[in-house]
Amino acid sequence: MSEAYMQNRLEIVRPLDPENAFLLDEECMKFLEDLVSKFKGTRDDLLSRRKVLQDKLLMKPELSFPEETREIRESSWNIARLPEYLQDRRVEITGPSGDVKMVINAFNSGARVYMSDFEDAQSPTWKGLISGQKNLFEAVRGILEYTNEDGKKYSIGKNPANLFVRPRGLHLPEKNVLLDGTPIPGAFFDFGVFIFNNGKFIVDSGKLPCFYIPKTESYLEARLWNDIFSFAEDYLKIKRGSIKATFLIETLPAAFNMDEILYEVREHSAGLNCGRWDYIFSYIKKLRNFKEFVLPDRNSVSMDRGFLLNYSKLLIKTCHRRGAHAMGGMSAFIPVKGNEIENQAAMNKVREDKEREVGLGHDGTWVAHPGLVPVAMDVFNKHMKSPNQIHRVAQLEIITETDLLNPISGEITENGLRTNISVGIQYLQSWLSGKGAAPINHLMEDAATAEISRSQLWQWIHHNAKLNDGRTVNTNLVSSLLKDEVQKLPESTYLTQASEIFRDISFKTEFTEFMTLAAYDFLMDNEVIQ
């Protein structure tokens, strides 16, 4: 389709190649229209609730377990049991849905699960989103293939990883699709197109359509998703409870709602996940007005300390009490080519991270690169002989509300400051060019890790934080270092725009809620239509 078109009240304003038009045919468009019409109002109300809570936290840094749901936390109940083929999730690999080679390699990686990402690892270009939907449509039917420019062919082999799909968060719009002239939620587009085109096929094939749900902040948001799942099942005439979803606990408020989130989706639940990078970002964002919560260099904010260790312990305890998987988080390290010493050091750090997770009681973990699957698999095979550790329900220490806010101390260094600047700009440049997963300094950076970089800068500037050499972090110092770091980078497309956007959101008096929202309009205006 070469021009904007409408079906009933829904309008697609971006051209759609004829070969991909089947993904958004009249029936799919009607499903999307009904989905958005039914649930967008609730979604908008929930986003307003987020703002109300944030405004309260700007005045007083206190969060508590909801009093109105005390009975849910204190009573005995379990989620619905997952089928046998999903009981063992010891290693999961993630990556963008729009890159066909990465999709095939992830399915063939040897991981138990492949989480195909429309969120933090996927820049939301129209081309990338549609390519992702097409890749997954063909993948679930076993016909996805790719031939590179050298003639090498890639296809999905035997025993591929089980597919989970992560749609965007509730806050992100999809401006290429309008309902009555208003952009629809990106989450509804990603979920709706995938489930309509593939849900019944997956069920008829003997498996279940599975999702990862990001950025949830409350049990009311989980309730919305549960209603969406039930709506889709009824619409597609598949059995209630067929859709399964793991909710990422990657916002600070969600840590105080873990029992409640599981309870709301108990028919559809596939457990919870420690989304560590977004969780660090959320901690900074939610508590940003208070100096006692200023964090040190990013590489000092580790999962074995303070609020991060406490939240992972609570997640494991909560999940196992409810018969649910407690999934570990992402190791951002990737293999280092051409330097065996650095590569071995990276592998050792991954191994240490996974040994910590399996020792705590996690039932599986994430990696960002196929080369890390054997490392993580070896650790979990050695220390977890059963499909999972859900049976480990021994009482961990009680985690209090104060424990979940416990800050992490450490130094702020010039190197840490420079790293945040350089990584943030390089990632944003990649995102603006359509690539949401960027290998930088032997780490796989995505939107979550870049959000930490820019939010730490804002936090340090806002509170006049001191470097370990006594200098004050202010706009003058950061401006000087930013100019220096940009000069070190090769001149390329979007470098100027990325540095300007990054500088603007880091220096603003008011905190920008999401970097990707600030950059989305530029992405929309500059996407090249092919």
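# A tour of the barrel and its helices

Select helix α10 (residues 306-321): it lies across β11, β12 and β13, running at about 165 degrees to β12. Helices (H or I, at least four residues) and strands (E, at least two) are DSSP runs, numbered from the N terminus. Axes are lines fitted to C-alpha atoms, for helices over the stretch in contact, and angles run from 0 to 180 degrees between N-to-C directions.

What you have open is a predicted model, in which local features need pLDDT of at least 70 and side-chain atom pairs count only at pLDDT 80 or more, while totals for chains, interfaces and linings use all residues. Residues are numbered from 1 along each chain as its sequence is written, and side-chain values use heavy atoms, with hydrogens and water left out.

## Stop 1: the barrel

Now select β3, β4, β7, β10, β11, β12, β13 and β14. In that order they make a closed barrel of eight strands with parallel pairing. From one strand to the next, the twist averages 30 degrees. Strands of a sheet pair through backbone hydrogen bonds, either parallel or antiparallel. Here, two strands pair if DSSP finds at least two bridges between them.

Where do β3 and β14 meet? Three bridges join these two strands, which run parallel, and Glu-92 stands opposite Trp-366 in β14.

Move on to strand β12 (residues 269-274). Is β12 buried or exposed? Six of its six residues are buried, so the strand is largely enclosed by the rest of the structure. Buried means under 20% relative accessible area, exposed means over 50%, and partly exposed lies in between (1.4 Å probe, protein chains only).

Colour the two partners of β12 next. Strand β11 (residues 244-249) pairs with β12 in the parallel sense over four bridges, and Ile-249 has Cys-274 in β12 as its bridge partner. Strand β13 (residues 326-331) also pairs with β12 in the parallel sense, over two bridges; there, Asn-273 has Met-327 in β13 as its bridge partner.

## Stop 2: two helix pairs

Two packed helices are described by the angle between their axes and the distance between the axes.

Select α11 (340-360) together with helix α12 (residues 373-383). Their axes come within 9 Å and cross at roughly 35 degrees, and the crossing is right-handed. A crossing is left-handed if the near helix is turned anticlockwise from the far one by less than a right angle, and right-handed if clockwise. Show the side chains of Met-347, Val-350, Arg-351, Lys-354, Glu-355 and Val-358 in α11, which meet Val-375, Ala-376, Asp-378, Val-379, Phe-380 and His-383 in α12. The residues of this contact divide into seven nonpolar, one polar and four charged. In this count, Ala, Val, Leu, Ile, Met, Phe, Trp, Tyr, Cys and Pro are nonpolar, Asp, Glu, Lys and Arg are charged, and the others, Gly among them, are polar.

Stay on α12 for a moment. Its buried residues are Val-373, Val-375, Ala-376, Met-377, Val-379 and Phe-380, and they pack against β3 (91-96), α11 and β14 (364-367).

For the other pair, select helix α5 (residues 186-204) and helix α6 (residues 219-236), which pack at an angle of about 35 degrees with their axes 11 Å apart. This crossing is right-handed as well. Among the α5 residues that meet α6 are Phe-188, Phe-191 and Lys-200; from α6, the contact includes Trp-225, Phe-229 and Tyr-235. What kinds of residue make up the contact of α5 with α6? They divide into 11 nonpolar, no polar and one charged.

## Stop 3: single residues

Zoom in on Gln-459 in helix α14 (residues 447-462). Gln-459 is buried, with a relative accessible area of 1%. Its side chain reaches the backbone oxygen of Phe-293 at 3.1 Å. Leaving aside neighbours within four places in sequence, Gln-459 is in contact with Ile-284, Phe-293, Val-294 and Leu-295.

Next, find Ser-499 in helix α16 (residues 495-507). Ser-499 counts as buried because its relative accessibility is 11%. Not counting residues up to four places away in sequence, Ser-499 touches Ile-425 and Val-486.

Finish with two loops. Most residues other than glycine have a negative phi, and most peptide bonds are trans. Tyr-494, in the loop between α15 (475-488) and α16, has a positive phi of about 75 degrees although it is not a glycine. Tyr-494 is also buried, at 18% relative accessible area. Asp-180, in the loop between β8 (173-179) and β9 (182-185), has a positive phi of about 55 degrees, and it is not a glycine either.

How values were computed: Contact means heavy atoms within 4.5 Å. A polar contact is a pair of N or O atoms within 3.5 Å; within protein, one must be able to donate a hydrogen and the other to accept it, and residues adjacent in sequence count only if both atoms are side-chain atoms.
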